[in-house]
Amino acid sequence: MAVRRSDLERSDDELREWVESIDSVLRTEGPERAKALFRAVRDYLTDANVIVEDATLNTPYRNTIPLEQQPAYPGTIELEQRIENINRWNAMAMVLRGYDSGTGVGGHIGTYASGATMLEVGLNHFFRNKGPDYGGDLLSIQAHCSPGIYARAFLEGRLSAEQLQNFRRELQPAGGLSSYPHPRNMPDFWVSPCASMGLSTPSCIYQARFAKYLESRGLKPKNGGKIWNFIGDGESDEPEVLGTINIAAREQLDNLILVVNCNLQRLDGPVRGNGKIIQELERSFRGAGWNVIKVIWSGEWDTLFAIDHEGVLQARMERAVDGDYQMYSVSSGPEVRAHWNGTDVRLADIMRHLSDEEIRGIKRGGHDHRKIFAAFQRAVESDGRPTAILIKTIKGYGMQGYEGSNVVHQKKNLSGEERLETARRLGIPLSDEAVARADFYRPAPDSEEMRYLTAHRTALGGSWPQRTVSCPPLPAPDLTLFQEQLAGSGERALSTTMAFVRMLSKLLDHPGLGRYVVPIVPDEARTFGMEALFRKAGIYSSEGQKYRPVDSSTLMPYREATDGQILQEGICEAGAMASFMAAGTAYAVHGVPTIPFYVFYSIFGFQRVGDMIWSCGDMLCRGFLLGGTSGRTTLNGEGLQHQDGHSQVIASTVPSLLSYDPAFSYELAVIIREGIRRMYELQENVFYYITIHNENYVMPPMGEAPADGIIRGMYRFSQGQPASRPERKAHLFGSGAIMTEVLRAQALLQDLGVSADVWSVTSYNELCREALRVERANLLVGGSAKSRAKTRPWVQELLAKEPGVFVAASDYMKALPLSISRWVPGPYVVLGTDGYGLSESRPDLRTWFEVSAEYVAWAALAALGEKGLASPKELTAAALSLGIQPGKPDPACSGPAGRAHCHDP
Ligand SMILES: Cc1ncc(C[n+]2csc(CCOP(=O)(O)OP(=O)(O)O)c2C)c(N)n1
Ligand SMILES: [Mg+2]
């Protein structure tokens with residue numbers, strides 16, 4: 001039961017005595033003593049097993065910073081409001097002009113309208129760019145606010161009216177603007193992508209953590225830099241948001257400020273009609289150990305609070321739910337008064353101080369510069385904790401007739417009168433015709449507004465946003481650094497994962513590169529045999545290691561250190577991906593060329609955090625993603641949830657991601673070395689996905705294998721022994737761990753009188769992409785082959801003169817090898833692992849999925865049979881000896897026990 005001053009008169013004597021006592025302590029001895037007494041009573045109860053669950057998580061529904069603690073405002077509000085109004089108009093005009101053009105490109109008005117004041121307060125007084133003495137603030141805004149940011153850049157003369165006119169029309173000759181913040185398409189402007197919903201929070205949290213990591217390791221000076229993350233209240237429902245806030249408090253990220261624009265609405269309607277989103281978020285953040293600052297009411301309310309001696313106003317605010325507040329934003333003054341007061345005469349008395357018009361016009365805190373400034377100021381001064389600022393606003397603020405309405409998110413047009421009314425209210429001095437056309441407005445360069453705006457941004461280090469990259473290139477190591485991998489493993493069987501870990505260790509020791517290497521693992525280091533790195537490189541911990549690890553006396557202790565190099569993210573793929581993104585973009589954010597190697601269970605990459613990988617592409621991220629334990633049949637035993645036979649297929653959908661499935665350690669060495677060369681020496685904005693396996697086999701030496709072929713995606717690994725009938729020729733494509741099956745198939749075929757060459761396909765995706773690029777270029781040139789610069793895709797070039805039949809076997813879906821089928825010159829059979837995985841041993845899995853050596857050999861022989869090069873009798877005998885069963889269930893359609901889910905007509 002919440003007791004308020006208003007209830008005291010009616011409460012029982014005992015209760016009143018208690019409250020009066022604490023009140024007297026508060027007045028005479030101050031808040032610290034009152035808090036101490038309260039805690040003592042609470043602890044006493046806790047000792048008696050009486051838990052006061054909600055004792056401190058929620059504070060009353062009012063501004064956290066009371067009037068008496070509000071700092072003086074350091075700017076001219078009237079001028080700032082004028083600038084903001086111009087931005088509001090221009091942001092709205094961008095969307096209206098888009099609407100008028102009939103292109104249907106869309107846009108949002110309501111979100112920026114609700115967040116404009118907080119962004120302007122930040123831009124005029126807080127958001128500082130990188131400079132010689134300051135690390136620079138990193139901002140992530142609500143993606144749908146972008147029109148407001150473009151409008152400001154227009155005022156500053158950074159964007160032209162044509163560009164604004166071409167909002168959401170990036171292909172227009174005069175230049176256009178992307179809908180949301182997209183560094184990839186606007187690399188000099190936007191720094192971080194901010195979307196899709198929910199991703200910016202983990203991204204910012206781990207950016208803040210990574211900045212501390214760089215400082216701790218001496219790679220960045222301790223010269224500050226805040227991470228500001230603006231999100232919507234609806235957006236806070238995305239699990240990535242609340243799911244990653246604990247680490248921010250644990251890591252004491254006082255460089256992180258999360259601002260939630262609580263306009264109480266999302267796209268369809270209220271965020272929490274029946275409750276209060278601000279109170280709910282306060283509990284979550286406070287419970288997680290954050291500072292929480294609530295900005296609920298504007299200054300006008302302070303005068304009412306001053307006369308609310310009995311707390312009746314406060315009590316009423318507590319009672320109202322967000323659905324009520326939304327109703328008020330679309331109701332008239334008398335309606336609001338009637339509903340608000342109800343039958344409470346004391347409340348009516350207080351509210352009598354305002355006219356109906358004033359009641360209608362009374363603002364929420366998010367539209368009051370002073371309240372926002374106070375909150376931001378307190379947040380930047382925070383020491384030892386991240387801060388969440390919950391700011392109450394009205395969605396579509398200033399959009400006459402639509403403020404707070406359920407349709408405001410989708411509102412893309414205003415009628416002629418509405419435009420005029422809005423422009424006049426915002427004080428835009430354009431003619432009626434210009435307003436009707438939604439012309440943009442920019443005051444003269446020497447106007448008061450422009451001088452104010454420029455002076456403030458200059459003081460804060462220049463315009464925001466701007467993405468400037470100043471990072472030294474890193475020369476790629478000589479390939480001989482990986483001599484061990486190039487030489488092969490001799491008699492010893494090992495996996496590509498083991499080879500990778502050894503390479504990582506070499507890189508960590510490299511004099512030029514070592515310090516930039518950032519190994520990232522989500523609680524799977526032991527799975528990949530990386531535990532030896534714990535001692536060598538240490539696990540980063542802002543607190544060091546306060547305990548003696550249980551394995552301290554062993555050779556591989558669990559070592560945490562403030563200068564630890566490994567990011568151990570626990571079981572949080574979203575967090576680990578966010579760390580990858582922070583480390584992979586540090587070249588742009590901090591000018592530090594860190595090289596992330598994120599190693600994970602390959603199935604928990606794309607299908608778990610695919611949107612974040614896409615976002616990495618947007619943010620021009622660099623680095624290596626390593627899909628460990630990959631392959632549907634190579635990861636034996638684990639079963640359906642773990643066996644990945646499709647990540648390579650999804651990888652092909654990310655345009656700036658190069659993906660490889662190498663079979664041998666020297667291939668891995670060549671690919672990683674090339675990746676470092678492209679990303680860190682040439683500074684290309686690409687990143688790599690490499691699948692690695694846990695099957696042990698002998699790694700051959702590189703010998704004459706062509707590095708070029710490895711990088712382009714294919715080369716001939718071994719030539720078959722000539723067969724007595726030369727026309728019985730097969731070409732077997734192998735990749736990843738299935739290469740071992742393909743090599744065994746080569747031997748089986750030889751016994752069957754077929755000469756088989758083995759080709760190692762390190763990347764179907766790269767082969768296919770190159771081929772499509774060549775075909776497209778040819779298509780656009782048209783005409784005869786002679787007129788073309790390059791006539792044939794590389795894979796076609798490679799195979800054109802090869803007679804015989806072709807068989808590809810992959811531990812991935814057939815779609816992967818099928819992707820190059822257009823350029824394979826002969827009959828082409830693809831074997832892959834379509835279907836759900838299942839728990840079995842590796843050999844049985846390979847038989848089940850029909851990618852074993854026997855099936856590979858059979859596929860080649862059957863293809864030769866089609867060409868009349870193997871007799872039916874021979875085929876029958878071979879089927880028997882190879883164990884091929886024509887009646888076997890299709891693994892793509894069913895499990896061993898389940899009913900088939902494929903229905904062919
Ligand atoms: C992952 C994802 N889901 C859904 C959307 C579609 N969407 C865009 S904005 C929006 C509502 C945003 O509401 P809120 O976060 O409260 O922001 P507001 O506009 O109210 O400030 C939705 C559902 C999206 N962009 N991304
Ligand atoms: Mg909202």
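How far is an oxygen atom of ligand 1 from an N or O atom in the side chain of Lys-395? In this predicted model, the separation is 2.7 Å, a polar contact in the sense of a pair of N or O atoms within 3.5 Å. Asp-233 also reaches the ligand, with a side-chain N or O atom 2.8 Å from an oxygen atom of ligand 1, and for Asn-263 a polar side-chain atom lies 3.0 Å from a ligand oxygen. Taken alone, ligand 1 exposes 600 Å², of which the protein buries 74% (areas by the Shrake-Rupley method with a 1.4 Å probe).

The model is predicted, with local features needing pLDDT of at least 70 and side-chain atom pairs counting only at pLDDT 80 or more, while totals for chains, interfaces and linings use all residues. Residues are numbered from 1 along each chain as its sequence is written, ligands are numbered from 1 in the order in which they are written, and side-chain values use heavy atoms, leaving out hydrogens and water.

Turning to the cysteines, the structure holds 1 disulfide (a pair of cysteine sulfur atoms within 2.5 Å). This bond joins Cys-893 to Cys-902, with an S to S distance of 2.0 Å. The torsion about the S-S bond is about -105°, so the disulfide is left-handed. Cys-893 is buried at 13% relative accessible area, whereas Cys-902 is partly exposed at 27% (buried means under 20%, exposed over 50%, partly exposed in between, with a 1.4 Å probe and protein chains only).

Cys-145 is buried at 2%, and its sulfur is too far for a bond with the closest cysteine sulfur, in Cys-194, 9.6 Å away.

How values were computed:
A polar contact is a pair of N or O atoms within 3.5 Å; within protein, one must be able to donate a hydrogen and the other to accept it, and residues adjacent in sequence count only if both atoms are side-chain atoms.
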